[in-house]
Amino acid sequence: MDSGQRESGAAAGDFPVIAGAGPVGRPGERATVRLRQDEAEEPARYAPEWLQLREVADAAARADELLEPLRDRAAGLPDGTVVHDLGCGTGSMGRWLAPRLDGAQHWVLHDRDPYLLHFAAVASPRVAADGSRVTVETRRGDVARLTPDALAGAALVTASALLDVLTREEIETLAAACVDAEVPALLTLSVAGRVELTPSDPLDTEIAEAFNAHQRRGGLLGPDAVTVACEAFAERGATVRVHPSPWRLGPAESELTAQWLRGWVGAAVEHRPELGERAERYLRDRLAACESGELRVVVHHSDLLALTRPAGGAA
């Protein structure tokens with residue numbers, strides 16, 4: 001078992017829960033990007049192997065349609081664009097977005113895990129779409145307590161797969177910080193609570209419902225996060241756009257699909273241990289279909305762009 005896999009208390013070993021397939025932590029532990037500088041060293045929540053495995057699917061899923069307003073804003077910044085990437089992981093957002101924007105960029109990478117921060121910095125892109133320079137710095141901190149002061153000078157806040165592991169209070173704090181600092185936010189790849197598997201199985205819906213319930217444990221928002229974020233930004237005067245960003249997994253993505261399946265079913269069983277034997281059969285059959293190239297999966301996500309209203313200007 002690698003460092004990205006957690007044993008479920010309900011079905012240890014049979015259904016290893018994979019962090020990143022859902023907001024999954026050890027029993028009694030919250031999955032969150034929160035970090036306080038004065039706390040002792042904590043283990044990583046997301047294994048870099050899992051983040052690397054999903055990066056290609058993430059890049060294919062991200063909504064290019066939301067970028068046009070950001071390109072327009074970047075073009076109007078003579079001193080370049082400062083981007084704060086929250087919960088940056090291995091830095092996949094920067095590798096995707098930086099080459100799609102013109103002009104000089106400075107990326108501020110936030111994460112709780114110093115190893116991931118190092119990886120993200122080393123593997124960050126160096127040039128923008130027009131050949132301008134891209135620079136990076138890293139920060140460890142409590143992104144759930146982000147303040148407008150922390151965003152001073154920023155032109156954009158980004159995050160990937162972050163909203164669904166936050167609480168309502170944390171999303172409202174994030175929205176308030178962005179709006180008060182007049183910084184737009186591109187918050188991508190939030191789970192939508194819907195999965196399509198082909199061919200279908202009678203247990204699909206039950207597993208999906210148990211997984212979604214698992215995501216909502218302890219006040220976390222899970223598949224409700226995008227709705228709450230839309231409300232939080234809109235109530236503060238921002239213009240909000242949402243676009244689908246689904247993973248579309250076929251035979252070429254079998255390794256990712258298999259890992260995702262183990263995490264998805266494992267989290268469902270952790271929430272509903274009575275699924276045990278049926279879920280074991282289900283996972284065995286699904287993995288066999290994945291290996292033979294017969295299984296196709298659509299995992300629905302949403303990307304959200306919140307355009308704040310500059311002082312005296314339009315959003």
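Here's a short chat about the aromatic pairs in this predicted model.

User: How many aromatic pairs does a search of the whole structure find?

Analyst: Three of them turn up.

User: Take Trp50 and Trp247: why is that pair called edge-to-face?

Analyst: Look at the planes: they sit at 65 degrees, with the ring centres 6.4 Å apart. Centres within 6.5 Å make a pair and planes over 60 degrees apart count as edge-to-face, so that's the label for Trp50 and Trp247.

User: What makes this pair a tie between parts that are apart in sequence?

Analyst: Trp50 belongs to helix α1 (residues 48-61) and Trp247 to strand β9 (residues 247-249), so the parts being tied together are 197 residues apart in sequence.

User: How do you know whether Trp50 is buried or exposed?

Analyst: Buried means under 20% relative accessible area. Trp50 comes in at 3%, so it's buried. Trp247 has 2% relative accessibility, so it counts as buried too.

User: What makes the pair of Trp264 and Tyr282 tilted?

Analyst: The angle between the planes is 50 degrees, with 6.5 Å centre to centre. Stacked needs under 30 degrees and edge-to-face needs over 60, so the rest are tilted.

User: Where do Trp264 and Tyr282 lie?

Analyst: Trp264 is in helix α8 (residues 254-271) and Tyr282 is in helix α9 (residues 276-291), 18 residues apart.

User: And why is Tyr282 called buried or exposed?

Analyst: Its relative accessibility is 0%, and the cut-off for buried is under 20%, so Tyr282 counts as buried. Trp264, at 1%, is buried as well.

User: Which residues do ring pairs link into a cluster?

Analyst: That would be Trp260, Trp264 and Tyr282.

Definitions and conventions. Residues numbered from 1 in each chain as written. Predicted model: local features only at pLDDT ≥ 70, side-chain atom pairs only at ≥ 80, totals over all residues. Heavy atoms only, no water. Phe/Tyr/Trp six-rings, centres within 6.5 Å; stacked < 30°, edge-to-face > 60°. Helix = DSSP H or I, 4+ residues; strand = E, 2+ residues; numbered from the N terminus. Buried < 20%, exposed > 50% of the residue type's maximum accessible area, 1.4 Å probe, protein only.
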